Amino acid sequence: MTENRAGSAAKDPDDWTTGDEPMTGAQKSYLQTLAQEAGEQPPPDDMSKADASKRIDELQERTGRGR
């Protein structure tokens, strides 16, 4: 387990039982917003939930939304 920015324990996305499922609509929408703010291409449609979560964390750090 890792600690998220709020300090509570969070399970690593690679360990999620549903991590291989397609990303949710909310993840896709938020990733599109973050990618646009970061000047990057939107995520591919076939991204998994786990990969989307990790990418959200990366882009939040780059855009300052992760504070």
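Colleague: What do the buried residues of helix 2 pack against?

Modeller: The buried residues of helix 2 pack against helix 1. This is a predicted model: local features need pLDDT of at least 70, side-chain atom pairs count only at pLDDT 80 or more, and totals for chains, interfaces and linings use all residues. Residues are numbered from 1 along each chain as its sequence is written, and side-chain values use heavy atoms, with hydrogens and water left out.

Colleague: Which residues of helix 2 are buried?

Modeller: Lys49, Ala50, Ala52, Ser53, Ile56, Leu59 and Gln60. Buried means under 20% relative accessible area, exposed over 50%, partly exposed in between (1.4 Å probe, protein chains only).

Colleague: Why does Lys49 count as buried?

Modeller: Its relative accessibility is 17%. The limit is 20%, so Lys49 counts as buried. Lys49 sits in helix 2 and is in contact with Trp16, Thr18, Gly19, Glu21, Pro22, Met23, Thr24 and Gln27, leaving aside neighbours within four places in sequence. Contact needs heavy atoms within 4.5 Å.

Colleague: And why does Ser53 count as buried?

Modeller: Ser53 has 15% relative accessibility, so it falls under the cut-off. Ser53, also in helix 2, touches Pro13, Trp16 and Gln27, not counting residues up to four places away in sequence.

Colleague: How do you know what span to expect for helix 2?

Modeller: The expected span is 1.5 Å times one less than the number of residues. Helix 2 has 15 residues and reaches 21 Å from first C-alpha to last, close to the 21 Å expected. Helix 1 (residues 25-38) has 14 residues and reaches 20 Å, close to its expected 20 Å. Helices are DSSP runs (H or I, at least four residues), as are strands (E, at least two), numbered from the N terminus.

Colleague: Which residues of helix 1 are buried?

Modeller: Gln27, Leu31, Leu34 and Ala35. They cover an arc of only 100 degrees around the axis, which puts them on the same side of helix 1. The arc is taken from the directions from the helix axis to the C-beta atoms. The face turned away from the buried side carries the exposed residues Gly25, Ala26 and Gln36.

Colleague: What makes up the largest nonpolar core?

Modeller: Met23, Leu31, Leu34, Ala35, Met47, Ala52, Ile56 and Leu59, 8 residues in all. The term covers buried Ala, Val, Leu, Ile, Met, Phe, Trp, Tyr and Cys residues joined through side-chain atoms within 4.5 Å. Core member Leu34 is in contact with Ile56, Leu59, Gln60, Thr63 and Arg65, leaving aside neighbours within four places in sequence.

Colleague: At what angle do helix 1 and helix 2 pack?

Modeller: At about 35 degrees, with their axes 10 Å apart. Axes are lines fitted to C-alpha atoms over the stretch in contact, and angles run from 0 to 180 degrees between N-to-C directions. Residues making the contact include Tyr30 and Glu37 of helix 1 and Arg55 and Arg62 of helix 2.

Colleague: In which hand does helix 1 pass helix 2?

Modeller: The crossing is left-handed. That means the near helix is turned anticlockwise from the far one by less than a right angle; clockwise would be right-handed.

Colleague: What takes a positive phi just after helix 1?

Modeller: Gly39, at about 75 degrees. Helix 2 is followed by Gly64, with a positive phi near 85 degrees.
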